[in-house]
Amino acid sequence: MKNKGLIATLIGVAIVVMLGVGIVVIYGVSSYNSFVSAEENVDNKFSQVDNQLKRRSDLIPNLVETVKGYAKHEQEAIDSVTQARAQLAGAKTPEDKADADQQLSGALNRLLVVVEKYPDLKANENFRSLMDSLEGTENRLAVARKDYNDEVAKYNKSVKRFPKNMLARTFGFDKKPYFEVTNEEKEAPKVDFGSDK
């Protein structure tokens, strides 16, 4: 009788342990799959940012050439845009692209300040068309950045919250960087029409 009771207890304990292990395995698999899905969502949103960065980068040579025709002695502003564009084209990681984008945004702001000095340039139909395209791209880029940052926030929360944070470390899922705007980009460019006083 004692053996039957002991065997029944051992079987009961074994079933409980197996159920517990099964629940842990199911939770682990489910968590892993949710991390993979969240990471793919972040990567997808960044590809949208990347598409808009590429679109903007493609517009810049035409804009620079148009400005060159009017503002021959403003070479420094033109060169800074060209260099920043090259840096963006060579960037590989989201962090590098965000840094290069910040450089390009600053260079474009400086170029637009130069443009203010040339009313004929601003009236040029080709220039206006390019600026409209650039403005539309900047708007799409702002939306893509926001969408990317929203996905990064969701992903980072899932990677940092307990108890999933232990599984995230085990599976190698790390925090993702936000696509942030620099203080320089937050400031409106200062326009100086060169008033002679």
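A residue is called buried here when its relative accessible area is under 20%, exposed when that value is over 50%, and partly exposed in between (1.4 Å probe, protein chains only). Glutamate 138, at 26% relative accessibility, therefore counts as partly exposed. The model looked at here is a predicted one, so to speak only of what was computed, local features need pLDDT of at least 70 and side-chain atom pairs count only at pLDDT 80 or more, while totals for chains, interfaces and linings use all residues. Residues are numbered from 1 along each chain as its sequence is written, and side-chain values use heavy atoms, with hydrogens and water left out.

As for the overall layout, the chain has seven helices and zero strands, helices (H or I, at least four residues) and strands (E, at least two) being DSSP runs numbered from the N terminus. Read from the N terminus on, the elements go α-α-α-α-α-α-α. Of the chain's 197 residues, 34% count as buried.

Back to glutamate 138: its side chain meets that of arginine 56 in a salt bridge, 2.9 Å from N to O. The term stands for a side-chain nitrogen of Lys or Arg within 4 Å of a carboxyl oxygen of Asp or Glu. This pair ties together distant parts of the chain, with glutamate 138 in helix α5 and arginine 56 in helix α1, 82 residues apart.

The structure holds eight salt bridges. Another one brings together the side chains of lysine 176 and glutamate 39, at 3.2 Å from N to O. Here, too, distant parts of the chain are linked: lysine 176 sits in the loop between α6 (164-171) and α7 (183-186), glutamate 39 sits in helix α1, and 137 residues separate the two. Glutamate 39 has a relative accessible area of 22%, so it is partly exposed.

A further salt bridge joins aspartate 150 to lysine 146, whose closest N and O atoms are 2.6 Å apart. These two are separated by about one helical turn, because they are four residues apart in helix α5. Aspartate 150 is partly exposed with a relative accessible area of 34%, and lysine 146 is partly exposed as well, at 48% relative accessibility. Elsewhere, salt bridges that share partners join Arg56, Asp101, Glu138 and Arg145 into one network.

Arg56 and Glu138 also turn up at the largest pocket: along with Leu108, Asn109 and Leu112, they lie nearest its centre among the eleven lining residues. A pocket is found on a 1 Å grid over the protein atoms alone, as an open set of points where a 1.4 Å probe fits, with protein on both sides within 12 Å along at least five of seven lines; lining residues have an atom within 4 Å of a point. The elements giving two or more residues to this lining are α3 (94-115) and α5 (125-160), and α5 gives the most, with five. By type, the lining splits into four nonpolar, two polar and five charged residues. About 260 Å³ of space lies in this pocket.

Then there is the surface, where Val13, Val17, Val21, Val25 and Val29 form a nonpolar patch with about 410 Å² of accessible area together. Patch residues have over 30% relative accessible area and no salt bridge, with like charges joined within 9 Å and nonpolar side chains (Val, Leu, Ile, Met, Phe, Trp, Tyr) within 5 Å. Valine 13 belongs to helix α1 (residues 2-70) and, at 46% relative accessibility, counts as partly exposed.

Methods:
Areas by Shrake-Rupley, 256 points an atom, 1.4 Å probe, with all protein chains shown as cover. Points joined across faces, edges and corners; volume = space filled by probe spheres on them. Nonpolar A, V, L, I, M, F, W, Y, C, P; charged D, E, K, R; others polar.
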